[in-house]
Amino acid sequence: MRVVLLLICCITAIIAVQKMPLEIRQAWLKAAEPDFSVCVASSGVDSIVAYNAIAKNEIPNDSALKCFLNCIQQRANLMNSVGELLEDEFVRVLKGVTPAIAKKCVAQTQNETDICKKSFEMFLCMVYALGKPYPPLTH
């Protein structure tokens, strides 16, 4: 029973099971760089958690991370002041995001009223759209 609970905790601790190609993750880090420190401070997220979410696609279900992503999206003009995600800006600013991906992800998040959750869901949607499954563990 303890093993099952441990596995459930490990599985739910990290949401993303996909990883975007390295060049896309690096480009996204570069896009976030100008606002990274400001958004870490304003959201209260651990800077390592924020970095790993983008750089490694290790994405915990963390409320501070959600608000960090919201801060990054707002400061990069990917979301307007009333919480609307701007499809064209995602395509323009974030490497790999196509008009089809932006449209799909914006549509999937349109009913979310919490802007931090909305930013988080948008980020996850794009990671899944651009990602590849993690390779299987080998022993």
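# Reading a predicted helical chain

Guide: Read along the sequence, the pattern of the protein chain is α-β-α-α-α-α-α-α-α-β. This is a predicted model, where local features need pLDDT of at least 70, side-chain atom pairs count only at pLDDT 80 or more, and totals for chains, interfaces and linings use all residues. Residues are numbered from 1 along each chain as its sequence is written, and side-chain values use heavy atoms, with hydrogens and water left out.

Visitor: How many helices and strands are there in the protein chain?

Guide: The protein chain has eight helices and two strands. Both are DSSP runs, numbered from the N terminus: helices are H or I with at least four residues, strands are E with at least two.

Visitor: Why is Val106 called buried?

Guide: Buried means under 20% relative accessible area, exposed means over 50%, and partly exposed is in between (1.4 Å probe, protein chains only). Val106 has a relative accessible area of 14%, so Val106 is buried. Val106 sits in helix H7, residues 99–109.

Visitor: Which residues is Val106 in contact with, leaving aside its neighbours within four places in sequence?

Guide: They are Leu85, Glu87 and Met122. Contact means heavy atoms within 4.5 Å. As for Glu84, its C-alpha atom is 8.7 Å from that of Val106, and the two are 22 residues apart along the chain.

Visitor: Is Ala41 buried or exposed?

Guide: Ala41 has a relative accessible area of 63%, so Ala41 is exposed. Its place is in helix H3.

Visitor: What makes Asn57 buried?

Guide: The relative accessible area of Asn57 is 0%, so Asn57 is buried. Asn57 lies in the loop between H4 and H5. Its phi is near 55°, a positive value in a residue other than glycine.

Visitor: Where does Asn77 lie?

Guide: Asn77 is in the loop between H5 and helix H6 (87–93). Phi of Asn77 is near 60°, again positive in a residue other than glycine.

Visitor: What makes a nonpolar core?

Guide: A nonpolar core is a set of buried Ala, Val, Leu, Ile, Met, Phe, Trp, Tyr and Cys residues, joined through side-chain atoms within 4.5 Å. The largest one here has 39 residues, and Trp28, Phe68, Phe90, Val97 and Met126 touch the most other members. H8 gives the most to this core, with eight residues.

Visitor: Why are H7 and H8 called oblique?

Guide: H7 and H8 pack at an angle of about 140°, with axes 9 Å apart. Axes are lines fitted to C-alpha atoms, for helices over the stretch in contact, and angles run from 0 to 180 degrees between N-to-C directions. Under 35 degrees counts as roughly parallel, over 145 as roughly antiparallel, 65 to 115 as roughly perpendicular, and the rest as oblique. H7 and H8 are therefore oblique to each other.

Visitor: Which residues in H7 meet H8?

Guide: Ile101, Ala102, Lys104, Cys105, Val106, Gln108 and Thr109 in H7 do. Their partners in H8 include Met122, Cys125 and Met126. By class, this contact has nine nonpolar, two polar and three charged residues. Ala, Val, Leu, Ile, Met, Phe, Trp, Tyr, Cys and Pro count as nonpolar, Asp, Glu, Lys and Arg as charged, and the others, Gly among them, as polar.
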